[in-house]
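User: I would like to learn how to read a structure with two chains, feature by feature. Could you give me the general idea each time and then the case at hand?

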Amino acid sequence: MNHEVTEEGKAIVVALEGDVDLSSSPDARKILLECVRKGRPVIVDMAGVSYIDSSGVASLVESLQGARKAGCEFALAAISEPALRVLHLARLDTVFTIHESREAALAELG
Amino acid sequence: MDTSPEPAESVKVLEVENLVAQYGERIILDGVSLDVHEGEIMIIMGGSGSGKSTLLRHLMGLERRASGTIRMLGQDTAALTGQEKLELHKRIGVAFQGGALFSSMTVGENIMLPLQEHTDLDLRTMEIMARMKLEVVDLAGFEDLMPSELSGGMIKRAAFARAIVMDPKILFCDEPSAGLDPVVASALDDLILRMRDALGMSIVVVTHELDSAFKIADRMTVLDAGRILFIGTPDELRAEQSERIQNLLHRRTEEETGDPEEYLRRLLGERLDKEGHP
């Protein structure tokens, strides 16, 4: 898994790329938790995520919790259909704020 | 449900070729060959003593085969080193018939167990993963209960949650509906279909519950006396005219249709000589 963190307006955008699975999700978790601690809106751009497993989704859940504690917004953007199915199975598609694209998320939070 | 047979492009996650299993002199599986494709639900069924449970145990790597090949996720399971076997088992989930939950652990601890055994994930991540799986199996909020506090259907669902906590590529289920009332059994069938659709996993189910088998199967394998009698879609199975298949579908046992003299000889422990005389 690769990642890129950029600051766009008020928001921090974390672009994840590749597989977010048992071996890479601890890295994703660390990056996301560091970002949400800054107290600014965080957008996770998932356009480049080819696969995300439960450990990756759990890291997103934990980051959402961290964002709420820090009083900042946390949103997902450009989620692929398979990843959305994983979220839907665990009924998490209703928990996360999900935007169709990074641009749409930035229009709301940036 | 997609019941199309063997899409040409799909990946085979499990390939069994000429599998022979025997206990002592007795041959239990006699040249069994079958494939399971990615995202497919394969039902294995057959009467008592057909060899279906033995086949499942071989697929799960719990038995040593007499001969034949089992390739799982592209790897010949007989050629794996100990470490390679461990890596393969991380990608396989098993829901045992009786649940096989540890009675001294809470439901949540049971579900987290594979993660604690096989990963270095943070405890918080593991807890969230366990709760996610409990949501999937409709047991949200039950993580702190002990297995003894659950009903039979709940134990089965908790066992499913544990079996899928590592997001396996292949899930093996041993008689998931056995001992459950029809409503609970049907809900479990729906769960199997949802898991396949959402997670894309291949699921191998051993069952003798016909309603359940026809509801969830993409393809069905019928075993009889250790041999493959049929492999095909549910529609093809329904259309199959052979007497043995019809007996199975209508729950007629061999004993009911068999020779009364042969039955008596079995009871008396008599064997026939080579010419067929008692």
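User: How many helices and strands does chain B have?

Analyst: Helices (H or I, at least four residues) and strands (E, at least two) are DSSP runs, numbered from the N terminus; on that basis chain B has 11 helices and 10 strands. This is a predicted model, in which local features need pLDDT of at least 70 and side-chain atom pairs count only at pLDDT 80 or more, while totals for chains, interfaces and linings use all residues. Residues are numbered from 1 along each chain as its sequence is written, and chains are lettered from A and ligands numbered from 1 in the order in which they are written.

User: In what order do the four strands of the open sheet in chain B lie?

Analyst: Two strands pair if DSSP finds at least two bridges between them. In chain B the order is β2-β1-β4-β5, with antiparallel pairing, and the edge strands, which pair on one side only, are β2 (26–37) and β5 (75–76). Within this sheet, β1 (residues 12–23) and β4 (residues 67–72) of chain B are paired over five bridges, and B:Glu17 has B:Thr69 of β4(B) as its bridge partner.

User: Which strands form the open sheet of chain A, and what is the sense of the pairing?

Analyst: Here there are five strands in the order β1-β2-β3-β4-β5, and the pairing is mixed; β1 (2–8) and β5 (97–99) of chain A are the edge strands. Neighbouring strands are turned by 25 degrees against each other on average, direction ignored, where axes are lines fitted to C-alpha atoms, for helices over the stretch in contact, and angles run from 0 to 180 degrees between N-to-C directions. Strand β4 (residues 74–77) of chain A runs parallel to β5(A) and is joined to it by three bridges, with A:Ala75 standing opposite A:Thr97.

User: Which residues of helix α3 of chain B are buried, and what covers them?

Analyst: A residue is buried if 20 or more other C-beta atoms lie within 10 Å of its own, exposed if 12 or fewer, and partly exposed in between, with C-beta atoms placed from the backbone. In α3(B) (residues 107–118) the buried residues are B:Val107, B:Gly108, B:Asn110, B:Ile111, B:Met112, B:Pro114 and B:Leu115, and their cover includes α4 and α5 (152–164) of chain B. For chain B as a whole, buried residues make up 38% of the 278 residues.

User: How many residues of chain B are in contact with chain A, and which element gives the most?

Analyst: Two residues are in contact if their C-beta atoms, placed from the backbone, lie within 7 Å; by that rule 14 residues of chain B contact 17 residues of chain A. The elements of chain B that give two or more residues to this side are α4 (123–136) and α6 (182–199), and α4(B) gives the most, with seven residues.

User: At what angle do α3 of chain A and α6 of chain B cross?

Analyst: Angles under 35 degrees count as roughly parallel, over 145 as roughly antiparallel, 65 to 115 as roughly perpendicular and the rest as oblique. The axes of α3(A) (residues 81–89) and α6(B) come within 8 Å and cross at roughly 150 degrees, and the two helices are therefore roughly antiparallel to each other. The contact is made by A:Arg85, A:Val86, A:His88 and A:Leu89 on the side of α3(A), and by B:Arg194, B:Ala198 and B:Leu199 on that of α6(B).
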